[in-house]
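I opened this notebook page to record what I looked up about nonpolar packing and aromatic rings.

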Amino acid sequence: MQKRRTEFGKFVAQLRIEQDLLLMEMANGLEVTPAYLSNVEHGRRKIPPEWFDKIRVVYNLDLPSAANLKRAILRSNKDVQLEVKTEAQATLLAAYEMKKDSLDESTAKRVAEILCKGDRK
């Protein structure tokens, strides 16, 4: 049974269509084999961390497209690594890790709004 494309895989497949590229051409642009790119698209390999910047630059993504790419990467990755610089940050992340499965959508949105509030200034 073939695994479905991840959200990242769908994004880059759509990007290939928009830019009239073959899988092999995109793989060459990312300096990987077509098989490796396909495995990343289908979630059988992790998305290399440097691919966000590489795809953004090589394929000349505008800001909304770059944001969509980042969102697709975050939704497709099973693991996320975050740098913790303070005890308060460590406590916040630990609390999230303990409660994430019980957060309903409404509460998650409220927390996101609180955390993003400073970005709107």
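The entries below follow the order in which I consulted the model.

Entry 1. I note at the outset that the model is predicted.

Entry 2. I looked up the largest nonpolar core and found that it has 20 residues. Phe8, Trp51, Ile55, Leu61 and Leu69 have the most contacts inside this core. I then listed the elements that give two or more residues to the core: α1 (7-18), α2 (23-30), α3 (34-41), α4 (51-58) and α5 (63-76).

Entry 3. I turned to Trp51 and set aside its neighbours within four places in sequence. The remaining contacts of Trp51 are Phe8, Leu30, Val32, Tyr36, Leu37 and Val40.

Entry 4. I searched for aromatic pairs and found two in the structure. In one, the ring centres of Phe8 and Trp51 are 6.1 Å apart and the planes are at 35 degrees, so I recorded the pair as tilted. Because Phe8 lies in helix α1 and Trp51 in helix α4, this pair ties together parts that are 43 residues apart in sequence. I found both Phe8 and Trp51 buried.

Entry 5. I recorded the pair of Tyr36 and Trp51 as edge-to-face, with 6.1 Å centre to centre and 75 degrees between the planes. Tyr36 lies in helix α3 and Trp51 in helix α4, so the pair ties together parts that are 15 residues apart in sequence.

Entry 6. I checked accessibility for this second pair. Tyr36 has 27% relative accessibility and therefore counts as partly exposed, whereas Trp51, at 2%, counts as buried. I noted that ring pairs link Phe8, Tyr36 and Trp51 into a cluster.

Entry 7. I finally looked up Phe52 and found Lys70 over the face of its ring, at 4.9 Å from the ring centre.

Technical notes
Residues numbered from 1 in each chain as written. Predicted model: local features only at pLDDT ≥ 70, side-chain atom pairs only at ≥ 80, totals over all residues. Heavy atoms only, no water. Core = buried A, V, L, I, M, F, W, Y, C linked by side-chain atoms within 4.5 Å. Buried < 20%, exposed > 50% of the residue type's maximum accessible area, 1.4 Å probe, protein only. Helix = DSSP H or I, 4+ residues; strand = E, 2+ residues; numbered from the N terminus. Contact = heavy atoms within 4.5 Å. Phe/Tyr/Trp six-rings, centres within 6.5 Å; stacked < 30°, edge-to-face > 60°. Lys NZ or Arg CZ within 6 Å of the ring centre and 35° of its normal.
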